[in-house]
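Subject: Handing over a structure, with notes

Dear colleague,

I am passing on the structure below, together with some notes on what was found in it. Please read the notes with the structure open beside you.

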Protein chains: 2
Amino acid sequence: MSESTRIRVFSVDDHPLLREGIAAIVNSQADMELTVQAATGREALQLYRQHLPDVTLLDLRLPDMTGIDVLIAIRNEFPDARVIMFTTFEGDVEIQRAMEAGARGYVLKNMPPRELVELIRQAHSGRKRVPAEVAAKLAEHLGEERLTQREVDVLRHLAGGNRNRDIAERLFISEETVKVHVKHVMEKLGASDRTQAVVIALRRGIIQL
Amino acid sequence: MSESTRIRVFSVDDHPLLREGIAAIVNSQADMELTVQAATGREALQLYRQHLPDVTLLDLRLPDMTGIDVLIAIRNEFPDARVIMFTTFEGDVEIQRAMEAGARGYVLKNMPPRELVELIRQAHSGRKRVPAEVAAKLAEHLGEERLTQREVDVLRHLAGGNRNRDIAERLFISEETVKVHVKHVMEKLGASDRTQAVVIALRRGIIQL
DNA sequence: GGCCCACTACCACTTTTGAGGTATCCAGCA
DNA sequence: TGCTGGATACCTCAAAAGTGGTAGTGGGCC
């Protein structure tokens, strides 16, 4: 296989040791090479433009911005960009948002190297695939109504330990309206009280710690 | 430097790609080598006995047990074991428990490779060191009273969305006693309500999602 | 023996939450 | 145009949470 047909892989992750591992695995394959690496979102955007890689492995948590935002920015400029989200986190909402933003895959970091390179090949050839494990997470909450922006706002304040009255003040609405939002949040998440709502939201990737 | 004086490193982590990265970095050093790897706690204990490595890099989150438990088990059998905790998580309570259990270091996974190998050398030569970043986390809550076992029990039930009455039933105590525990938890964590107490506890590594 | 601490328990009281319901306004859509 | 969904608001009422204080019991420690 000639140089020019190798899949050029771009790795974006703030863990140097993990990038080292990716480099080792990718470069051990005859049909691909790790062309360039980045540790932050800003760096990722800049280097993407410079190198126009074939496949990008993108971490969800970066020091300066979220992987989702990087993904959106890249696909905004380059709609054909083939990006695989590569992360430890498995909240179904994060998976869903990534796929909606045009990710070609969503892989957990504990994935065996063999499967990772296979996914890189699949993403490169245009297929959109996620491992069964990830798909299952997504399927868990398929039919469910998702939270509105306002509800997520209220949820974040809940996590901060604010009383309904305080939330009302901060959002410039009445306490009664806050109660309505809280009620809807609990209903949609299947929580029995605000505390459980926050825990479920954290688990599902709706809010972050 | 002869073969026999190389630092023999043991890596325990359920992320194959990260282990790959550690292997690459460690083996690139003249004075150390990655001798053996494990992906689970059970495996770690078994392989430790077989290989008696000089320095162990131990992940905090493993599929079958916590890294702390593995650390305790190892140091129970081999009190001189030199173990460095190696993890993404930075709750001060987890750091504290690891150091109390006899860890020689506590390193975040986003650490630059150069510093990691330096820490391996330091741990091997008997020094107990943590990076300033980690030490700062520890210092944040130095003088504070820690939660009792019972309080942590109650906290876990809080996170599950249980009412005081339900917690009382499950722990076979009165609801009034539960209230006392909840009050103490909130006081010690500086939380204004049970929801914030749970969020703080998650952030500090007192409970897990 | 005496002391401290964790756990337990009960009482009284206020504040906050959560469950009902109804209703208006506005924007987007069929 | 009429319908729907989201955000807003107000009402009532019961239940739960949170605050304050007092106190017994058993273990461990000086």
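Predicted model: local features only at pLDDT ≥ 70, side-chain atom pairs only at ≥ 80, totals over all residues.

Residues are numbered from 1 along each chain as its sequence is written, chains are lettered from A and ligands numbered from 1 in the order in which they are written, and side-chain values use heavy atoms, with hydrogens and water left out.

Chain A

The secondary structure of chain A consists of ten helices and five strands, where helices (H or I, at least four residues) and strands (E, at least two) are DSSP runs numbered from the N terminus. The C-alpha trace of this chain spans about 65 × 30 × 30 Å along its principal axes. Of its 209 residues, 52% count as buried, a term that means under 20% relative accessible area, with exposed being over 50% and partly exposed in between (1.4 Å probe, protein chains only). Among the contacts in chain A with a separation of 6 or more, 62% come from residues 24 or more positions apart, contact meaning heavy atoms within 4.5 Å.

In α7(A), the residues A:E151, A:V152, A:V154, A:L155, A:H157, A:L158 and A:A159 are buried, and what covers the buried residues of this helix includes α8, α9 and α10 of chain A together with α10 of chain B. After α7(A) comes A:G161, which has a positive phi, near 80°.

Between the chains

In the pairing of the two chains, 33 residues of chain B are in contact with 33 residues of chain A. The area buried between them is about 2600 Å², of which carbon and sulfur atoms give 71%; buried area here is the accessible area (1.4 Å probe) that two parts lose on being put together, summed over both. B:L17, B:T195 and B:L209 supply 26% of the area that chain B buries against chain A, more than any other three residues.

The nonpolar cores

A nonpolar core is a set of buried Ala, Val, Leu, Ile, Met, Phe, Trp, Tyr and Cys residues joined through side-chain atoms within 4.5 Å. The largest has 46 residues, of which A:L155, A:I206, A:I207, B:L155, B:L189, B:I206 and B:I207 touch the most other members. The elements that give two or more residues to this core are α7 (149-159), α8 (164-171), α9 (175-189) and α10 (194-203) of chain A, together with α7 (149-159), α8 (164-171), α9 (175-189) and α10 (194-203) of chain B. Apart from it lies another core, of 42 residues, among them A:L17, A:L116, B:L18 and B:V55.

The surface near the DNA

DNA strand D is surrounded by 17 residues, the closest being A:S174, A:H181, B:R163, B:R165 and B:K179, where near means that a heavy atom of the residue lies within 4 Å of the strand. Of the atoms of DNA strand D that come within 4 Å of the protein, 65% belong to sugar and phosphate.

B:G41 lies in helix α2 (residues 41-51) of chain B and is buried, with a relative accessible area of 0%. Leaving aside neighbours within four places in sequence, B:G41 is in contact with B:L62, B:D64, B:M65 and B:V70.

B:S11 is in strand β1 (residues 7-12) of chain B and counts as buried at 1% relative accessibility.

With best regards
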